[in-house]
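Please look through the sequence and the model together before reading on. The paragraphs below move from individual side chains to the chain as a whole.

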Amino acid sequence: MKTLGASEAKNRFGELLDLARREPVKIAKKGRNVAVVLSIEEFERFSELENQLLALQAEKAHQEGFIGITESEALLSEILNA
């Protein structure tokens, strides 16, 4: 992953966008990494992977006996009205 300084990224913004379409680019400011610029395709791929992970975690929780929001609210209402 290529790293650019913040000033360089600002001064060469068009080139930064072109580079980010090929690979993620780290942006550093005063020697500290502060951001990553990546293509929309890569961002969407990461978002889809995150959604898949959340779905797997939800399914695992359900299999382990956790209940969903609707069931939790119904149970709470039942307890409070008893």
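The side chains of Glu8 and Arg12 are joined by a salt bridge, with N and O 2.3 Å apart; a salt bridge is here a side-chain nitrogen of Lys or Arg within 4 Å of a carboxyl oxygen of Asp or Glu. This is a predicted model, in which local features need pLDDT of at least 70 and side-chain atom pairs count only at pLDDT 80 or more, while totals for chains, interfaces and linings use all residues. Residues are numbered from 1 along each chain as its sequence is written, and side-chain values use heavy atoms, with hydrogens and water left out.

Arg12 also forms a salt bridge with Glu15, where the closest N and O atoms are 2.9 Å apart. Arg12 is partly exposed with a relative accessible area of 32%, and Glu15 is partly exposed at 46%.

By the rule given above, the count of salt bridges comes to three. One of them joins the side chains of Glu42 and Arg45, at 2.9 Å from N to O. Both residues lie in helix H3, three residues apart, which is about one turn of the helix; helices (H or I, at least four residues) and strands (E, at least two) are DSSP runs numbered from the N terminus. Glu42 is partly exposed at 22% relative accessibility, and Arg45 is partly exposed at 43%.

Helix H3 itself covers residues 40-63, a total of 24 residues. From its first C-alpha to its last, H3 reaches 35 Å, close to the 34 Å expected at 1.5 Å a residue; the expected span is 1.5 Å times one less than the number of residues. Just after H3, Gly65 takes a positive phi of about 105°.

Is Ser39 buried or exposed? With a relative accessible area of 9%, Ser39 is buried. Its side chain reaches the backbone nitrogen of Glu42 at 3.1 Å. Ser39 also touches Ala20 and Arg21, when residues up to four places away in sequence are not counted; contact means heavy atoms within 4.5 Å.

A further loop, between E2 and E3, holds Lys30. Phi of Lys30 is near 55°, a positive value in a residue other than glycine. Lys30 is exposed, with a relative accessible area of 82%.

The discussion now turns to nonpolar residues. In soluble globular proteins, nonpolar side chains tend to be buried together. In this model the largest nonpolar core has seven residues, namely Leu4, Ala9, Leu16, Leu19, Ala20, Val25 and Ile27. Helix H2 (13-22) and strand E2 (25-29) each supply at least two residues of this core, and the largest share, three residues, comes from H2. Such a core is a set of buried Ala, Val, Leu, Ile, Met, Phe, Trp, Tyr and Cys residues joined through side-chain atoms within 4.5 Å. Leaving aside neighbours within four places in sequence, Leu4 is in contact with Ala9, Arg12, Leu16, Val25, Lys26, Ile27 and Ala28.

Finally, consider the chain as a whole. Its four helices and three strands follow the pattern β-α-α-β-β-α-α along the sequence. The C-alpha trace spans about 65 × 25 × 20 Å along its principal axes. The radius of gyration of the chain is 22 Å, whereas a compact globule of 82 residues would have a value near 12 Å; this radius is taken over C-alpha atoms, and the globule rule is 2.2 Å times the number of residues to the power 0.38. Of the 82 residues, 11% count as buried. Among the contacts with a separation of 6 or more, 12% come from residues 24 or more positions apart.

Asn81, in helix H4 (residues 69-81), is exposed with a relative accessible area of 65%. Asn81 and Arg32 are 49 residues apart in sequence, and their C-alpha atoms are 55 Å apart in space.

Definitions and conventions
Buried means under 20% relative accessible area, exposed over 50%, partly exposed in between (1.4 Å probe, protein chains only). A polar contact is a pair of N or O atoms within 3.5 Å; within protein, one must be able to donate a hydrogen and the other to accept it, and residues adjacent in sequence count only if both atoms are side-chain atoms.
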